[in-house]
Amino acid sequence: MRDIFLVTGAIYGKAGTNGLLDPATRIQQTIDTAVSIKQHLPNAVIYLIEGGSQTLDLALRAKFLEYYTDILDFSYHPFIAFAHNQIDTTKQEITVIKGPCETFLLRETCKLLSVTDDDRIYKISGRYRLTDAFNPKEHHAARGKYLMLAKTDCLEYYSDPNSVTYSPYQYSTRLYSFCGSIINRAIENYNTMNERLLNLCGNLAAFGIGHE
């Protein structure tokens, strides 16, 4: 059984910064994420899944590889490049593409993973760290299931029952895990979420993504 962490990140934004944070801060946060994982699970396999507006140079890759098992840099991919190019930074924040990009990164990464039914796959955002509240035994016990925080009430933006964005509740996706035995289901779920988010943005055709 292995503990496999998928750390999603976007070091560079269209204007150089990603949100309110500069690349140096993002880099340190991404390192801190891996360090916190190793503190709790020293034998964990940790993959950095990068989806920023530019690829990581060799020096930065070498720095990250001091802490990460490997790096999957999707910044070159047309899907990710298109998403970043659509942002008007004078009017929008990077969060408008976070959902489509993150579901794309996770779907494509899971397609590349070779796992056993006993492996546990964790998704954690690169801005966050594991704390002493993290209990791997709870995750290992959720065989054949996802494990995440209990659902909470939705944000006000999603609270209108007449809106296409309506949802009565929300789940936190900063950290969750699923069993290796359901990785194919996870891929299907990421694909569904990606398509729904693209439909919501009205950019399905422009992204070149069609329904199967």
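Helix H5 (136–141) and strand E8 (175–179) each contribute at least two residues to the lining of the second largest pocket; helices (H or I, at least four residues) and strands (E, at least two) are DSSP runs numbered from the N terminus. The model is predicted, with local features needing pLDDT of at least 70 and side-chain atom pairs pLDDT 80 or more, while totals for chains, interfaces and linings use all residues. Residue numbers start from 1 along each chain as its sequence is written, and side-chain values use heavy atoms, without hydrogens or water.

This pocket holds about 370 Å³ of space. A pocket here is an open set of points on a 1 Å grid over the protein atoms alone, where a 1.4 Å probe fits, with protein on both sides within 12 Å along at least five of seven lines; lining residues have an atom within 4 Å of a point. The volume is the space filled by probe spheres set on the points, which are joined across faces, edges and corners. Of the 17 lining residues, Ala133, Phe134, His139, Leu149 and Leu175 lie nearest the centre.

Turning to helix H3 (residues 78–85), Phe79, Ile80, Ala83 and His84 are buried (under 20% relative accessible area, with exposed meaning over 50% and partly exposed in between; 1.4 Å probe, protein chains only). They share one side of H3 because they span an arc of only 130° around the axis, taken from the directions from the helix axis to the C-beta atoms. Pro78 and Asn85 are exposed on the face turned away from the buried side.

As for cysteines, Cys101 counts as buried at 7% relative accessibility, and Cys179 is buried at 4%. The structure has zero disulfides (pairs of cysteine sulfur atoms within 2.5 Å).
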